[in-house]
Amino acid sequence: MHFGPVLCVAFLALWAVAASVAHETLATLFLVNGALQLLLFAVVAILPLARTGRMSWVDIAWPFGVALIGLQILLLGDGDFVRNACIAGVYLLIGLRMGIGALTMARATGVIFRTEFPRYAYRRMELSGKSETMIRMHMGAEVLAQGLANASVLAIPGFLMAVNANGEIHPLEVAGILVWLAAYVLESTADLQKLRYMATNKGGVCNIGLWRYSRHPNYFAEWLVWTGIVIAALPSWWSLHGTEAQYLWVLLGVGGLGASAMMYITLVHLTGEVPSEYYSVRKRPEYRRYQETTNMFFPWFPRA
């Protein structure tokens, strides 16, 4: 499926809608963020892709783009200070943790700088049969789509909270942050459990701890991270009701929900579970048994 161009058009249209809101600060945030994300992705991911043919550069551009959203919330947001600081911290922590981790791994293993991630090699395999020029164009569109996601759906929840001047914290905001915090702990725990397992069981199938209940608990937790942010943003979105044109207000809400939906689609179908398991089944024969007994995404008790 050639999803890159489709996502680019969808995210660009949503960004244009978000940037046309009547709220001056909110419109400024979307305009500035759109320009900065495109610049970041052009320099860090698209130009290196054109030069090397590797798509893995996006794993540096995307997380630092998320951190950039948090920085803009701190510098440009005019909402309640406590709310701004909290949501900016969330974006900065997500982005810097993953961005620094990607750079550290790239220096240690050579992946990104010298070799391609398997999930992007899988994407190139799906595009086989096309000319190298066409393959790079499709991969470039998919890289650009991630930048436009940062400019639109992934930024909407944070920017909505950044312009909410209400000093009273809503219960949904507390619930959302608690979901995010629990998910962050789950993701870190899953990563640590797998690292420990692989250190002593190279070539084995990690099915201990959280991995006993889901084949990808780290992906599930990452999706839950963004779902928590969406929950926390709901009161801020509702506060704009009546101050924006009805269709703009509705589209902002749909776009905010899109952060959770897009992360699920990406983590399951695009660059997450499907390409990961394609290689796992081929490298580890016992992985097929693991597939038969353990849920792919949402955690549940193993089947007998």
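Arg-97, Glu-187 and Asp-191 are linked in a network of salt bridges, a salt bridge being a side-chain nitrogen of Lys or Arg within 4 Å of a carboxyl oxygen of Asp or Glu. This is a predicted model, in which local features need pLDDT of at least 70 and side-chain atom pairs count only at pLDDT 80 or more, while totals for chains, interfaces and linings use all residues. Residues are numbered from 1 along each chain as its sequence is written, and side-chain values use heavy atoms, with hydrogens and water left out.

**Salt bridges**

A search of the whole structure finds 10 salt bridges, including the three in the table.

| Pair | N to O distance |
|---|---|
| Glu-173 and Arg-83 | 2.5 Å |
| Arg-123 and Glu-126 | 2.9 Å |
| Glu-277 and Arg-215 | 2.7 Å |

Glu-277, in helix α11 (residues 273-283), and Arg-215, in the loop between α8 and α9, are 62 residues apart, and their pair links distant parts of the chain; helices here are DSSP runs of H or I with at least four residues, numbered from the N terminus. Both Glu-277 and Arg-215 are buried, where buried means under 20% relative accessible area, exposed over 50%, and partly exposed in between (1.4 Å probe, protein chains only).

The salt bridge between Glu-173 and Arg-83 ties together parts that are 90 residues apart in sequence, because Glu-173 lies in helix α8 and Arg-83 in helix α4. Glu-173 is buried at 4% relative accessibility, and Arg-83 is buried with a relative accessible area of 4%. Arg-123 and Glu-126, by contrast, both lie in helix α5 (residues 118-126), 3 residues apart, about one turn of the helix; Arg-123 is buried at 4%, whereas Glu-126 is partly exposed at 42%.

**The cavity**

The structure holds 1 cavity of 30 Å³ or more, a cavity being a set of points on a 1 Å grid over the protein atoms alone where a 1.4 Å probe fits but cannot get out, with lining residues having an atom within 4 Å of a point. The largest cavity has a volume of about 30 Å³, the volume being the space filled by probe spheres set on the points, which are joined across faces, edges and corners. Its lining consists of Ile-94, Arg-97, Met-98, Tyr-184, Glu-187, Glu-222 and Val-225. Helices α4 (81-109), α8 (171-200) and α9 (217-239) each supply at least two residues of this lining, and α4 gives the most, with 3 residues.

Technical notes. 1 Å grid on protein atoms, 1.4 Å probe; cavity = no way out; pocket = protein on both sides within 12 Å on 5 of 7 lines; lining within 4 Å.
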